[in-house]
Amino acid sequence: MFPLNAIIAMLLAACGPSGDGGSAASPVAIPTPEPTPAPASSPTPTPSPTPASGAGTASDGASFLGVQTHFSQGWPASSIDQAQSVDAALLRDSVPWSAGEKVRGSYDFSGQEASRINLACTAEMPVILTIIPDNPNYDGGSTVYTDAGRSAYAAYLNALIGKFGKCIVAFEIGNEINTANGLNYPAGSDSATLYVDLLRAVSQDVRKKHPDVAILGGSSNMIATGFLETLFKAGMLPLIDGVAVHPYRSDAQSVDMEIAHLNSVMAQYGTPVPIWATEFSNDLSDAAGSSGELVKMVTLLRAAGTYKAIWYALIDQKYYPNMGLFSGSTIKPTGKAFRLVEDRLLPKGKPQRVDVGDPLVFAYRYGQDAYVVWGAPRTVSFYGSASVVDAQGQALSSSGVFVGQEPIIAFGATGLSVGQGSVLADSELQYGGAPWSYLAEDSGGEHVLSLYDDQYSSYFGSRWTKPLRVTLGDAAPSGSARVVIRYTAPAAMAVDLGMCLSKPAKGDGVDWRIEHNGSVLQKGVLTGQDKLSGVRVDLAAGDHLDLSVGKNQAFGGDKFDYHIKLFRRGSGGTVACSN
């Protein structure tokens, strides 16, 4: 990539003036495995789909991670320099249809958004363009729904390729179309059918003429598998090169489970296409937390087979003051984490999870000698000439470094050893699978919950028990059923239970109970925050330890946050609330 200043100089010459405790006992030594064993607790994913022609044949790590800019909202050209300074592999932006075709059938790319995209292209930065399919010149300004409107939209995409050439690697057709204003069709329309009709027009025109430009369909806020399934049913998959999702979250944990689930649902309707995370971010004000979650998200997304990922956004904005890689012109800790991942991890290839003998430790190996590790607190040591850093690249000890929720990163390591931790089970680190399960309990008994796909995300629930649900860190009962979060002991163990429950000041609270094989150990009514620590429980293999929560006197405002840990007897420990 060429520096922006040099580009501007070239253009001027041609055109004239014009950003929790663990013990070091009983270490388990893990040499670099050949090959890496699969983690016992990982979900069984649908095989990663083969990218369609427009997506290329593979997404090498060096081109995986990009960043969002907003030239269409007036961001300066200097943003390109900032993106280059963190080594972003690609940009995502827009040249709105209404700006580029103000007069029907006439294209004008002289505006600042187009000129700045042109600068990015000249700097050899690939660009994803998100183009919302509406223009006042067609179909009354609605999302285009007639043959003429769809043809005009496809023609505009072709004109953009004609202007910017091979710099354009993908078009995202619409933006967060599962939201209230995402698609603006006439009342009574079948939105799924009309949107797929639009994709068909784009596929027949743009895709045939420019097979190297990926067509991304289904752009959704969150990993909206339930919404996307309506589009799969309507015939979307053969018409696109990738499905676009925006997996915003403050905790990266379990994003790989949702990606695997989306792939499995796609497989029910045809050949799965690659998943592009065209927006992802977190809104954490804590610098260490934000940068650590970026490293974990990139690692989990890449390991799950996600094709591309775009951080939102390059620079802090008025309504999103924590999400930028830069605050103005100053790089933030998150920007340093982005650059570290981009420069030193992703070029090594797809990360593989290493089985260290404890499902509460998440260790991913990039290439042969780089590791990203986080999980339940304990010490970790690395072998070889290892250098160990935190998510921002700050040096740590390479022997006996303490790991927890924030990831540590090792380079030049030939293996690792992990100390024995005090935590035996954690409802957040182990969310979504054994030994945890989720149930609804009503007058008819207990009902096991599976993943239920809704308009925005997937959660453990069902269409018959709404609004009862369980997600990572929060849950809610219904008016007629209690929600049960169950731990099933895989072996005999003596544990100390710790827990934190919290909820906003809504409704009259929720009734909660801790039960061991149906016998109540502790109970209460949660109206703000309740904590437990040191609750001694002796579990036999197969025993159930349940958190059961129902409405208090009146139903309403019953969503609550939960975090449960089981500690080795006598090791103590408190549990922080999720929020």
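Student: Is Ser 329 buried or exposed, and at what relative accessibility?

Tutor: Ser 329 has a relative accessibility of 65%, so this residue counts as exposed. Keep in mind that the model is a predicted one.

Student: Where is Ser 329 found?

Tutor: Ser 329 is in the loop that runs between β12 (326–327) and β13 (330–331). Sequence distance and spatial distance should be read separately here: Ser 329 and Gln 82 are 247 residues apart in sequence, yet their C-alpha atoms are 7.7 Å apart in space.

Student: How is a pair of aromatic rings described?

Tutor: Two values are used, the distance of the centres and the angle of the planes. The count in this structure is 21 aromatic pairs. Take Phe 109 and Tyr 156: the ring centres are 6.0 Å apart and the planes stand at 45 degrees, so this pair is tilted.

Student: Why does the pair of Phe 109 and Tyr 156 tie together parts that are apart in sequence?

Tutor: Phe 109 belongs to the loop between α3 (97–100) and α4 (112–122), while Tyr 156 belongs to helix α5 (residues 147–164), so the pair ties together parts 47 residues apart in sequence. Both residues are buried. Phe 109 and Tyr 156 are also members of a cluster linked by ring pairs, with Trp 97, Tyr 107, Tyr 138, Tyr 153 and Phe 164.

Student: Which residues lie over the face of a ring?

Tutor: Arg 344 lies over the face of Phe 411, 3.7 Å from the ring centre. Arg 469 is placed over the face of Tyr 459, at 3.9 Å from the ring centre.

Student: What tends to happen to nonpolar side chains in soluble globular proteins?

Tutor: They tend to be buried together. In this model the largest nonpolar core has 115 residues, and Leu 160 and Phe 171 have the most contacts inside it. Helix α5 gives the most to this core, with 9 residues. Another core, of 37 residues, lies apart from the largest one; among its members are Leu 468, Leu 497, Leu 545 and Leu 547.

Student: In what order do the strands of the open sheet come?

Tutor: The 6 strands follow the order β14-β15-β16-β21-β18-β19, with antiparallel pairing. β14 (352–354) and β19 (395–396) are the edge strands, as each pairs on one side only. Inside the sheet, β18 (residues 387–390) and β21 (residues 408–411) are joined by 4 bridges in the antiparallel sense.

Definitions and conventions. Residues are numbered from 1 along each chain as its sequence is written. This is a predicted model: local features need pLDDT of at least 70, side-chain atom pairs count only at pLDDT 80 or more; totals for chains, interfaces and linings use all residues. Side-chain values use heavy atoms; hydrogens and water are left out. Rings of Phe, Tyr and Trp (its six-membered ring) pair if their centres lie within 6.5 Å; planes under 30 degrees apart count as stacked, over 60 as edge-to-face and the rest as tilted. Helices (H or I, at least four residues) and strands (E, at least two) are DSSP runs, numbered from the N terminus. Buried means under 20% relative accessible area, exposed over 50%, partly exposed in between (1.4 Å probe, protein chains only). A charge sits over a ring if NZ of Lys or CZ of Arg is within 6 Å of the ring centre and within 35 degrees of the ring normal. A nonpolar core is a set of buried Ala, Val, Leu, Ile, Met, Phe, Trp, Tyr and Cys residues joined through side-chain atoms within 4.5 Å. Two strands pair if DSSP finds at least two bridges between them.
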